[in-house]
Amino acid sequence: MKLLAALGRLTLAALATIGSVALFACSALVHIFRPPFYAGQFGSALVQIGWLSLPVVGLTALFTGGALVMQIYAGGARFNAEAVVPQIVAIGMVRELGPVLVGLMVAARVTAAIAAEIATMKVTEQIDALITLSTDPLRYLTVPRVLAALLVVPLLVAVGDIIGIMGGYFVATGSLGFSPGAYLRNTVNFLEPLDIASSLIKGTAFGLIAALMGCYFGLHAGRGARGVGRATKSAVEAAAILILAANFVLTAVIFAL
């Protein structure tokens with residue numbers, strides 16, 4: 001009975017957390033379309049999530065594209081299928097690796113920063129000060145970051161896809177003997193509008209998850225330095241797991257189309 005009781009408590013706690021996150025997400029999305037709008041916070045979030053993430057995203061995509069070409073070439077050589085390397089790299093980067101890697105990089109960098117910043121504000125009672133000044137923390141702290149992530153992360157995914165494909169292009173033409181023109185031609189001709197659309201849709205979903213998790217766990221952080229650390233860790237873990245789960249669901253839906 002004690003084991004069942006403990007399992008029941010864990011289940012109820014998990015369901016309560018899921019419900020709390022769902023209500024928080026709905027509230028944040030609804031308030032995007034309601035005034036007031038804090039342009040300063042939105043601009044700062046654009047820079048933090050978008051511009052400052054470009055170096056990490058670019059380097060990650062570049063090296064991943066180069067490594068992907070070598071792995072696919074080595075595997076294709078076993079079946080005399082080296083010619084399909086450009087096509088496989090293109091669809092692999094655009095439909096799967098590009099969005100997932102960018103989402104995880106954003107979760108590691110942006111989600112952690114948002115959670116730590118908001119949790120520190122809570123610990124130092126700055127959020128209480130906002131409430132005292134009749135400023136809704138959800139609208140002031142969460143909505144600008146969520147909106148910025150919805151707009152910027154798909155662009156980061158597009159940039160990551162391009163850089164990843166170019167990383168593969170440099171390795172393939174520089175080390176593996178592929179013709180530059182033929183490589184680019186095969187890449188462009190193979191990709192379809194659905195591939196690009198799926199990549200951007202995944203980027204939008206992953207950006208929403210990354211921003212929401214950072215804001216949620218930051219606003220629900222415990223007191224003290226330990227509370228800030230736990231909030232940051234929980235936010236990154238939740239964002240990474242949800243991004244991978246969302247990737248599976250979206251891939252299954254797009255595959256069904």
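Predicted model: local features only at pLDDT ≥ 70, side-chain atom pairs only at ≥ 80, totals over all residues.
Biologist: How many salt bridges does a search of the whole structure find?
Modeller: Three.

Biologist: Which residue does arginine 95 form a salt bridge with?
Modeller: Aspartate 195. The closest N and O atoms are 2.9 Å apart. Arginine 95 sits in helix α4 (residues 85-123) and aspartate 195 in helix α8, so the pair ties together parts 100 residues apart in sequence.

Biologist: Is aspartate 195 buried or exposed?
Modeller: Buried, at 3% relative accessibility. Arginine 95 is partly exposed, at 24%.

Biologist: What about lysine 202, which side chain does it meet in a salt bridge?
Modeller: That of glutamate 96, at 3.3 Å from N to O. This pair also links distant parts of the chain: lysine 202 is in α8, glutamate 96 in α4, and they are 106 residues apart. Lysine 202 is buried, at 2% relative accessibility. Glutamate 96 counts as partly exposed, at 31%.

Biologist: And where do arginine 145 and glutamate 117 lie?
Modeller: Arginine 145 is in helix α6 and glutamate 117 in helix α4. Their side chains meet in a salt bridge, 3.2 Å from N to O. The pair ties together parts 28 residues apart in sequence. Arginine 145 is buried at 4% relative accessible area, while glutamate 117 is partly exposed at 35%.

Biologist: Switching to α8 itself. How many of its residues are buried?
Modeller: 19 of the 27, so α8 is largely enclosed by the rest of the structure. The helix covers residues 193-219. From first C-alpha to last, α8 reaches 39 Å, close to the 39 Å expected at 1.5 Å a residue.

Biologist: Where is the kink in α6?
Modeller: At valine 143, shortly before proline 144. The kink is about 30°.

Biologist: What does aspartate 136 reach to at the start of α6?
Modeller: The backbone nitrogen of leucine 138. A side-chain oxygen of aspartate 136 comes within 3.1 Å of that nitrogen.

Biologist: And which residue follows the helix?
Modeller: Glycine 177 follows α6, with a positive phi near 80°.

Biologist: Last one. Where is threonine 187?
Modeller: In helix α7, residues 180-190. Threonine 187 has a relative accessible area of 5%, so it counts as buried.

Biologist: What is threonine 187 in contact with, leaving aside its neighbours within four places in sequence?
Modeller: Pro86, Ala90 and Ile165.

Technical notes:
Residues numbered from 1 in each chain as written. Heavy atoms only, no water. Bend = angle between axes of the 7 residues up to and from the residue. Helix = DSSP H or I, 4+ residues; strand = E, 2+ residues; numbered from the N terminus. Polar contact = N/O pair within 3.5 Å; in protein donor to acceptor, adjacent residues only side chain to side chain. Buried < 20%, exposed > 50% of the residue type's maximum accessible area, 1.4 Å probe, protein only. Contact = heavy atoms within 4.5 Å. Expected span 1.5 Å × (residues − 1). Salt bridge = Lys/Arg side-chain N within 4 Å of Asp/Glu carboxyl O.
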